[in-house]
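Student: Can we go through this one together? I'm new to it.

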Amino acid sequence: MTFDAVVIGAGIVGAACAASLSSAGLRVALIDGNGIATGTTAAGMGHIVVMDDSEAQFALTQYSQQLWKKLANEMPPSAEYERCGTIWVAADDYEMSEVHRKNEFYSERGIATEILDAQALSEAEPNLRTGLAGGLLVRSDHVVYQLTASRFLVDKARSRGAVLRTGNAVSEITNDGVRLVNGEIVNADIVINAAGINAPQLSSGIRIDKRKGHLVITGRYSNFAQHQLVELGYLRSAHGREAGSVAFNLQPRATGQMLLGSSRQFGVDNTFVDREILKRMTSRAFEYMPRLRELSAVRVWTGFRPSTPDNLPYIGISPTQPNTYIAAGHEGLGITTSLGTAELITAMITGREPAIPIEPYSPSRAIEPH
Ligand SMILES: Cc1cc2nc3c(=O)[nH]c(=O)nc-3n(C[C@H](O)[C@H](O)[C@H](O)COP(=O)(O)OP(=O)(O)OC[C@H]3O[C@@H](n4cnc5c(N)ncnc54)[C@H](O)[C@@H]3O)c2cc1C
């Protein structure tokens, strides 16, 4: 069979691309060497969050969040879409100044926020320790169960004629489509490389490093926390390039479970649970929420964030393959930004006006001299 487009990778990004391209009327093949959402997507937290590291990151996260809000009405209850909001927790006066900066940034761009003083923070989240300085509440952030969402997007693509092939990886992108490891050729005019951490193996000229992360999930407890809670020190952990960092990040799930993160490690290739990092991560969480010690953890896992040198994803034409678009390198925001990524890719392919400027995400920046 010949397709208009073949999407490599059925993680949240590839699934979103397949759904968007097939909605635009393209005949799509979606190929995954393993299965739907079995890569990094399976390891993520599902926090759909607007971020302010840069204008480009803000634009993509905000645009994507708006798309998630629309999609929420279509998804089944098992997608556990929760409008819980985020509280960025400030430990001291220094972090409180970051609360004010963040508040200004968001307010100027139309995101409703609320500054919480120490008392308001403690009323909003009584299980946080006393003595914290305050926080910033961003009500519009939310949470989704990304495994259901990925399958929902794949089903949406299939209902519009897309063909899903799993269990047979792509070994090479060719001028006419892709070759699979079993030698089979899938012909397509356009290839979308959404292979996550493996994307550089199929497309030269881009750099994606694996950034290992750990998460812990607890048993079910009612009303332990109401919001996604993130320490403001998280930003230092996410931005830093040091070998290993941890930050307090807690997500109350619809099931009553608490999903607890997070760690970041470069230069580690194994998937093992690192007890030292896990201890640092949980100790950090106990500093913020001492009563977490009373909860039982039921599972710990790891995953690899696909990290680019400038923390922005690659979305656009490959610098080395004229028939290939890259949709990869979303680091710790790929669940959030999957929908925006997919719409930008579809706009580029179909010649539509993209909803936000695409230049900051161009993969060609990876080979441009700095
Ligand atoms: C601990 C942790 C917490 C996170 N929390 C959040 C969060 O709260 N919010 C958020 O927005 N993001 C979060 N993320 C980030 C998010 O999970 C990722 O950015 C996102 O899942 C990346 O999706 P992807 O589709 O690009 O990659 P993947 O999910 O890895 O999908 C790539 C797919 O490609 C397939 N593949 C690879 N090579 C080939 C090949 N040669 N042929 C065919 N198929 C191939 C793989 O099997 C895989 O299924 C978190 C990540 C981690 C690790």
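This is a predicted model: local features need pLDDT of at least 70, side-chain atom pairs count only at pLDDT 80 or more; totals for chains, interfaces and linings use all residues.

Student: How many salt bridges does the structure hold?

Tutor: There are 19. A salt bridge is a side-chain nitrogen of Lys or Arg within 4 Å of a carboxyl oxygen of Asp or Glu.

Student: Which residue does arginine 27 meet in a salt bridge?

Tutor: Aspartate 4, at 3.1 Å from N to O. Arginine 27 sits in the loop between helix 1 and strand 2 (28–32), and aspartate 4 is in strand 1 (residues 2–8), 23 residues apart. Helices (H or I, at least four residues) and strands (E, at least two) are DSSP runs, numbered from the N terminus.

Student: Is aspartate 4 buried or exposed?

Tutor: Buried, at 19% relative accessibility, whereas arginine 27 is partly exposed at 47%. Buried means under 20% relative accessible area, exposed over 50%, and partly exposed in between (1.4 Å probe, protein chains only).

Student: What about arginine 284, which residue is its partner?

Tutor: Glutamate 287, with the closest N and O atoms 3.4 Å apart. Both lie in helix 8 (residues 275–288), three residues apart, about one turn of the helix.

Student: Which residues are linked in a network of salt bridges?

Tutor: Asp52, Glu98, Arg101 and Lys102.

Terms used
Residues are numbered from 1 along each chain as its sequence is written. Side-chain values use heavy atoms; hydrogens and water are left out.
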